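Please look over the sequence and the structure together before reading on.

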Amino acid sequence: MSEETKAPEATKAAAPQAAEETPEPVDPRIESATAKLELLKGKITAQFGADVIEEAFLAKFQPSFVIKNESWPAVVEYLKVTDELSFVYPEAMAGTDHMAKGYCEVYLYVHSFVLDMDVALKVRTPRDEAAIPSVAHIFSGVNWEEREIFDLVGIKFPGHPDMRRIMLEDHWQGHPLRKDYVVMD
């Protein structure tokens with residue numbers, strides 16, 4: 001019996017099954033971002049090995065990497081100086097205290113005009129004795145951002161040319177963006 005000759009009930013029953021077999025359309029933004037993520041992951045892994053990447057994921061269609069603390073300056077410099085990548089423009093840098101998870105994190109957002117793409121780079125350090133190697137010698141523009149993160153979050157940047165407070169007075173106690181910071185009168 002052909003589809004045209006089946007009873008209406010039989011045709012209705014077959015229709016939902018056909019719809020279930022149709023694959024969901026893939027968001028082209030996810031496809032594009034995934035391709036960029038895999039490109040950069042492959043380049044970083046080929047240069048340094050897979051161990052330097054703690055996490056690689058998309059955040060709102062944005063390739064994002066968590067880099068191991070000890071490899072941070074080398075990976076940032078590689079992404080900047082490699083001609084085919086040329087992530088030469090640091091757009092933002094910030095620090096965050098993830099007290100519940102036991103670490104602080106620094107976020108560096110860089111842009112490549114060659115690839116016309118942005119990438120989010122993150123690095124983590126334990127809250128106690130928080131320290132991340134400075135990248136101010138790679139991007140002189142993050143000099144003040146590293147000082148601000150030190151001042152407000154309490155992360156030290158070994159290798160920074162002038163690691164001291166930038167916003168608060170020298171005698172200020174603690175770091176006000178730490179989740180356990182207590183305001184004193």
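The model is predicted, so local features need pLDDT of at least 70 and side-chain atom pairs count only at pLDDT 80 or more, while totals for chains, interfaces and linings use all residues. Residues are numbered from 1 along each chain as its sequence is written, and side-chain values use heavy atoms, with hydrogens and water left out.

The largest nonpolar core comprises 35 residues, and Trp-72 and Ile-155 have the most contacts inside it. Such a core is a set of buried Ala, Val, Leu, Ile, Met, Phe, Trp, Tyr and Cys residues joined through side-chain atoms within 4.5 Å, where buried means under 20% relative accessible area, exposed over 50% and partly exposed in between, using a 1.4 Å probe and protein chains only. At least two residues of this core come from each of α2 (28–48), β2 (62–67), α3, β4, β5 and α4, and α3 gives the largest share, five residues. Helices (H or I, at least four residues) and strands (E, at least two) are DSSP runs, numbered from the N terminus. Leaving aside neighbours within four places in sequence, Trp-72 is in contact (heavy atoms within 4.5 Å) with residues including Ile-67, Leu-108, Leu-121 and Val-135.

The helices α2 and α3 pack at an angle of about 120 degrees, with their axes 11 Å apart; axes are lines fitted to C-alpha atoms, for helices over the stretch in contact, and angles run from 0 to 180 degrees between N-to-C directions. The contact is made by Lys-43, Ile-44, Gln-47 and Phe-48 of α2 together with Ala-74, Val-75, Tyr-78 and Leu-79 of α3.

Phe-87 lies in the loop between α3 (72–81) and β3 (89–98), yet Phe-87 is buried, because its relative accessible area is 1%. Not counting residues up to four places away in sequence, Phe-87 touches, among others, Leu-40, Leu-79, Val-110, Met-117 and Phe-139. Asp-116 is 29 residues from Phe-87 in sequence, and the two are 9.4 Å apart in space, C-alpha to C-alpha.

Asp-116 itself lies in the loop between β4 (103–112) and β5 (117–126), and it counts as exposed because its relative accessibility is 57%. Its phi is near 50 degrees, a positive value in a residue other than glycine. Glu-129, in the loop between β5 and α4 (143–153), also has a positive phi, of about 55 degrees, although it is not a glycine, and Glu-129 is exposed, with a relative accessible area of 73%.
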